[in-house]
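Here's a quick briefing to read alongside the model. Have the viewer open and follow along.

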Amino acid sequence: SAEKREMERLMSYEYEKVRKAAECHRQVRRYVQSYMRPGLTMTDIVQRLEKKTHELVQASGLDCGWGFPTGCSLNWVAAHWTPNYGDKTVLTKDDVCKLDF
């Protein structure tokens with residue numbers, strides 16, 4: 001029906017935005033994997049990740065904002081921790097790091 005075709009047309013626009021966002025996320029994940037290593041401060045890791053995210057979102061033409069600050073939890077902290085500016089926490093070899101961006 002015409003109604004169903006119109007709904008599919010409208011949804012294809014939404015699906016395209018989701019695909020672009022997913023591609024940005026994939027590229028940021030790959031970027032973080034390329035530089036993340038023991039010895040970096042958690043603040044540096046998060047700032048580089050957020051800069052790259054912002055760069056790719058703009059380049060993709062996505063009209064959106066930040067959903068939440070980057071979560072960057074270490075070891076026993078399950079989630080929802082983000083280093084503040086000036087935080088000197090350093091990633092070490094034995095740390096388990098969880099990033100939510």
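What follows covers a helix pair, one of its helices, and a strand residue. Keep in mind that this is a predicted model.

**How the two helices pack**
- Helix 1 covers residues 2–35 and helix 2 covers residues 42–59; they pack at an angle of about 145°, and their axes sit 10 Å apart.
- As for handedness, the crossing of helix 1 and helix 2 is right-handed.
- On the helix 1 side, the contact is made by Cys24, Gln27, Val28, Tyr31, Val32 and Tyr35.
- Helix 2 brings Ile45, Arg48, Leu49, Lys52, Thr53, Leu56 and Val57 to that contact.

**A look at helix 2**
- With 18 residues, helix 2 reaches 26 Å from its first C-alpha to its last, close to the 26 Å expected at 1.5 Å a residue.
- Its buried residues are Met42, Thr43, Ile45, Val46, Leu49, Thr53, Leu56 and Val57.
- Helix 1, strand 1 and strand 2 (97–100) are among what covers the buried residues of helix 2.
- Just past the end of helix 2, Gly61 takes a positive phi of about 75°.

**Ser73 in its strand**
- You'll find Ser73 in strand 1, which runs over residues 71–74.
- Ser73 has a relative accessible area of 2%, so it counts as buried, the cut-off being under 20%.
- Leaving out residues up to four places away in sequence, Ser73 touches Ala78, Ala79, His80, Trp81, Val96, Cys97 and Lys98.

Notes. Residues numbered from 1 in each chain as written. Predicted model: local features only at pLDDT ≥ 70, side-chain atom pairs only at ≥ 80, totals over all residues. Heavy atoms only, no water. Axes fitted to C-alpha atoms, helices over the stretch in contact; angles between N-to-C directions. Helix = DSSP H or I, 4+ residues; strand = E, 2+ residues; numbered from the N terminus. Left-handed = near helix turned anticlockwise from the far one by under 90°. Contact = heavy atoms within 4.5 Å. Buried < 20%, exposed > 50% of the residue type's maximum accessible area, 1.4 Å probe, protein only. Expected span 1.5 Å × (residues − 1).
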